[in-house]
Amino acid sequence: MIRWIVFLAGILGAIGVGIGAHAAHGLEDMLTKQGIAEADVVKRLDQCDVAVRYHMVHVVALLALGVSTSRRAVGAKSFAAFFMLLGIALFSGGLYSMVYLGQMGHWAIVPSGGLCLILGWLGVACVAFSKDPLKPV
């Protein structure tokens with residue numbers, strides 16, 4: 001088990017559930033009260049749905065990486081976890097920023113986050129071909 005990955009998966013899972021609950025039960029009213037046009041409210045709700053979905057899928061992947069008891073490919077697991085964490089921060093975080101603040105910062109934040117998520121999954125693929133350091137070849 002890689003404890004730091006499990007810890008961060010737990011924290012990020014709680015955050016994702018909280019944001020998802022707010023999106024389902026209060027975000028629309030909050031945005032409407034801010035005077036945001038109905039079409040923009042719908043767009044922001046859709047963006048939040050995408051952000052939460054990607055956030056939570058990758059939290060589950062992080063958890064799986066972290067609880068794996070195999071000593072195999074610790075480096076590949078850490079690589080995958082790092083890029084998934086960065087991807088959640090940039091991809092979902094960028095979308096959350098657009099939803100809640102109406103701005104994202106630099107336009108490349110969300111696509112860069114998507115690239116990090118792809119790199120994370122490629123790290124997961126590398127785990128399959130890593131040798132167990134405790135077993136003879």
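This briefing describes the fold, the packing and a few side-chain contacts of one protein chain. The structure is a predicted model, in which local features need pLDDT of at least 70 and side-chain atom pairs count only at pLDDT 80 or more, while totals for chains, interfaces and linings use all residues. Residues are numbered from 1 along each chain as its sequence is written, and side-chain values use heavy atoms, with hydrogens and water left out. The protein chain has five helices and zero strands, where helices (H or I, at least four residues) and strands (E, at least two) are DSSP runs numbered from the N terminus.

**Overall shape and surface**

- Read from the N terminus on, the elements of the protein chain follow the order α-α-α-α-α, and the C-alpha trace spans about 65 × 25 × 15 Å along its principal axes.
- Of the 137 residues of the protein chain, 36% count as buried; buried means under 20% relative accessible area, exposed means over 50%, and partly exposed is in between, with a 1.4 Å probe and protein chains only.
- The accessible surface of the protein chain comes to about 8000 Å², and 69% of it belongs to carbon and sulfur atoms; such areas come from the Shrake-Rupley method with a 1.4 Å probe, and for residues only the protein chains shown count as cover.
- Among contacts in the protein chain with a separation of 6 or more, 75% are made by residues 24 or more positions apart, where contact means heavy atoms within 4.5 Å.

**Nonpolar cores**

- A nonpolar core is a set of buried Ala, Val, Leu, Ile, Met, Phe, Trp, Tyr and Cys residues joined through side-chain atoms within 4.5 Å, and in the largest one, which has 14 residues, C48 and Y96 touch the most other members.
- The elements that give two or more residues to this core are α2 (27–33), α3, α4 and α5 (109–127).
- When neighbours within four places in sequence are left aside, C48 is in contact with I19, A23, L27, Y96 and V99.
- Another core lies apart from the largest one and has 13 residues, among them A9, L12, A61 and L85.

**Aromatic pairs**

- The structure holds three aromatic pairs, a term for rings of Phe, Tyr and Trp (its six-membered ring) whose centres lie within 6.5 Å, with planes under 30 degrees apart counted as stacked, over 60 as edge-to-face and the rest as tilted.
- The ring centres of Y54 and F91 are 4.8 Å apart and their planes stand at 40°, so this pair is tilted.
- Y54 is partly exposed, with a relative accessible area of 36%, whereas F91 is buried, with a relative accessible area of 12%.
- F82 and F83 form an edge-to-face pair, with 5.1 Å from centre to centre and 85° between the planes, and F79, F82 and F83 form one aromatic cluster.

**Salt bridge and surface patch**

- The count comes to one salt bridge, defined as a side-chain nitrogen of Lys or Arg within 4 Å of a carboxyl oxygen of Asp or Glu.
- D49 forms a salt bridge with R53, and their closest N and O atoms are 2.9 Å apart; both residues lie in helix α3, four residues apart, which is about one turn of the helix.
- Both partners are partly exposed, D49 at 43% relative accessibility and R53 with a relative accessible area of 42%.
- M1, L63 and V67 make a nonpolar surface patch of about 280 Å²; patches are made of residues with over 30% relative accessible area and no salt bridge, with like charges joined within 9 Å and nonpolar side chains (Val, Leu, Ile, Met, Phe, Trp, Tyr) within 5 Å.
- V67 has its place in helix α3 and counts as partly exposed at 41% relative accessibility.

**Two further residues**

- E28 is found in helix α2 and is partly exposed, with a relative accessible area of 48%; leaving aside neighbours within four places in sequence, E28 is in contact with V41 and L45.
- V50 is found in helix α3, counts as partly exposed at 26% relative accessibility, and touches F91 and L95, not counting residues up to four places away in sequence.
- V50 and Y96 are 46 residues apart along the chain, and their C-alpha atoms are separated by 9.7 Å.
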